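The stops below go from a whole chain down to single residues.

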Number of protein chains: 2
Amino acid sequence: MLKIAIDAMGGDFGPGPIIDGLIAALKMNNNFTAIAVGDKNKLEELIPSYYKNRIEILHTEDVISMSDSATDALKRKESTIYKAIDLVKEGSADAVVSAGHSGASMSLATLRIGRIKGVSRPAIATLMPTSENQNTLVLDVGANVDCDAKNLFEFAVMGQTYVRDVLQIDEPLVGLLSNGEEESKGNEVTKEAYKLISKIPNFAGNVEGSDIFKGTVDVVVCDGFIGNILLKTAEGVADTIGKIIKKNLKRSLISIAGAVLMRKVFKNLKVRVDYAEYGGAPLLGVKAPVIIAHGKSNPKAIQNAIFQAINSASSNLNHDIEEKLKHYSA
Amino acid sequence: MLKIAIDAMGGDFGPGPIIDGLIAALKMNNNFTAIAVGDKNKLEELIPSYYKNRIEILHTEDVISMSDSATDALKRKESTIYKAIDLVKEGSADAVVSAGHSGASMSLATLRIGRIKGVSRPAIATLMPTSENQNTLVLDVGANVDCDAKNLFEFAVMGQTYVRDVLQIDEPLVGLLSNGEEESKGNEVTKEAYKLISKIPNFAGNVEGSDIFKGTVDVVVCDGFIGNILLKTAEGVADTIGKIIKKNLKRSLISIAGAVLMRKVFKNLKVRVDYAEYGGAPLLGVKAPVIIAHGKSNPKAIQNAIFQAINSASSNLNHDIEEKLKHYSA
């Protein structure tokens, strides 16, 4: 039976939503148990006695806050995230979920659990919604701001393998994010990366920012600097459209009536773009599944992040990534 | 009286919308005349006799198509865009508007008209809508895919000067696009650029993708590779939200009723995000105003692009850019 380690204290809203999400996950899936890392006194009163036999508590009180630097995290050996990750390192857990300091989770996972053979840099991958009710996996979205062609090539292999092994999509298409579709487009690094990625099957070549949301490909590869800007830009546009609609609504009673009728539509829309539906972002390239959830995760987001961890842990993901990288570099 | 040169044939829809836009502009502003460059026979029948005294036609038939390469444009001396730009080079016109091949317009303008003293690379700037009914000027959005810190610094100076001199906003705030607001954020190039841009007044530091649409600053600086991806991503998100709303509408009669009532709201929304409202994108850093309009420009977009050209030509923009660059490099 799988065992999932979870940083129960790291989220912006404390242990409440994390334990609620964990319990929701345990309700729906009987084939795993969990180790919740955090303050025993606080956690015990949040866990209904019925679930106490499936949730082990590892007591520790230190929590890395969002304002702390990722480098400090390496010294804070008593922190919830440090201990949660070490549970995986020493084999007491199969995967870890953290809604805490993402930089800390990333560097601790990379340094304590270690990289898969052949991976020079792990990458954070995230799912973006498309108009076709599919999703597009985008990586890297923040782990590595300066990337060379080889890094981008590895992201392509890791992303394609994740979509196939964990999301179970056959022959996923991979695109390289660029400033145009033609092979001649790109900056120095992406032009170099294009040649390397051409070695892998189902490479669709260069794709543009709009392709992410059209669902043209299953995986979009970029460096972490652009990936972060891309995510924030997408959020910004969605917010702005929402605000402009609201503003205009205020101006007319008729459109308020309209909005009431449209509520269901907007609700569906929200579901399609709500990260809670996707859970967390997998850190690809480390030796065990690490799911980085949003600091503001609600119970549903945590529940889905835990299912992602379970799906990754029960797949051949990391073995396949190592094999593919070995194969292509040969 | 100002004289505006216009490539009358370069747009995706031929001379029709371009001449219509030119006439709309002449109607609203009596203080300029135009030189329309293109096929005399086609253009003459599009121009009402009443306007013939304010529209001079420079006859030529060669048109650079979107599929031609920008480098060919330099050899095609009889093309509409080549001749339109040379009218400015030789002083027969004060500014040029082109809805044709943007790469060709850019390289011809840079090589034939020449760069402002102190500018190492011209940049294309574009206005993005914000939820606050202001706009944010983003540059570079495509002219330069690989930029160093000095290029980004020059973009900051050119963008800030354009917003002050042409859009007449006092003390415009400039932000550097990065993967977080803290000074420590950024990739190698932007960290270096941060130090340089700190020399100019009203530098707001690093901004994120979402800030563009919040209107946090008046000018956002990035390289042309990221600028292009950012634009396409914004378009993609807006399209996707629209499609998801439409799809859901089909599912329910009630929400169709709602949509009818909401139509005015969506119309306002469209106006806010329609590039036709903004006209074209100025190419900053060349010795005369060059406005690059969208290939699919409708008459309104052309009209606004012509007004941009007039506003730039009647401002101290290029003189001020040269002075500022001289000042800061001293």
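Start by selecting chain A, where 59% of the 330 residues count as buried. This is a predicted model. Colour chain A by secondary structure to pick out eleven helices and eleven strands. Its accessible surface comes to about 13700 Å², and carbon and sulfur atoms hold 51% of that. Among the chain A contacts with a separation of 6 or more, 71% are between residues 24 or more positions apart.

Next, select strand β10(A), residues 281-284, and show side chains. A281(A) and L283(A) point one way, P282(A) and L284(A) point the other way, and all are buried.

β5(A) and β10(A) run antiparallel and are joined by two bridges. To find the pairing, go to L284(A), the bridge partner of A123(A).

Between β10(A) and β11(A) the hairpin has five residues, and G285(A) takes a positive phi near 110 degrees.

For the last stop, move to chain B and select E208(B), in the loop between β8 (203-207) and α7 (211-214). Is E208(B) buried or exposed? E208(B) counts as buried because its relative accessibility is 14%, below the 20% cut-off. Show what surrounds it: leaving aside neighbours within four places in sequence, E208(B) contacts N228(A) and K232(A) from chain A, and L177(B), S178(B), N179(B), G180(B) and E181(B) from chain B.

Notes:
Residues are numbered from 1 along each chain as its sequence is written. Chains are lettered from A and ligands numbered from 1 in the order in which they are written. This is a predicted model: local features need pLDDT of at least 70, side-chain atom pairs count only at pLDDT 80 or more; totals for chains, interfaces and linings use all residues. Side-chain values use heavy atoms; hydrogens and water are left out. Buried means under 20% relative accessible area, exposed over 50%, partly exposed in between (1.4 Å probe, protein chains only). Helices (H or I, at least four residues) and strands (E, at least two) are DSSP runs, numbered from the N terminus. Two strands pair if DSSP finds at least two bridges between them. Contact means heavy atoms within 4.5 Å. Accessible areas come from the Shrake-Rupley method with a 1.4 Å probe; for residues, only the protein chains shown count as cover.
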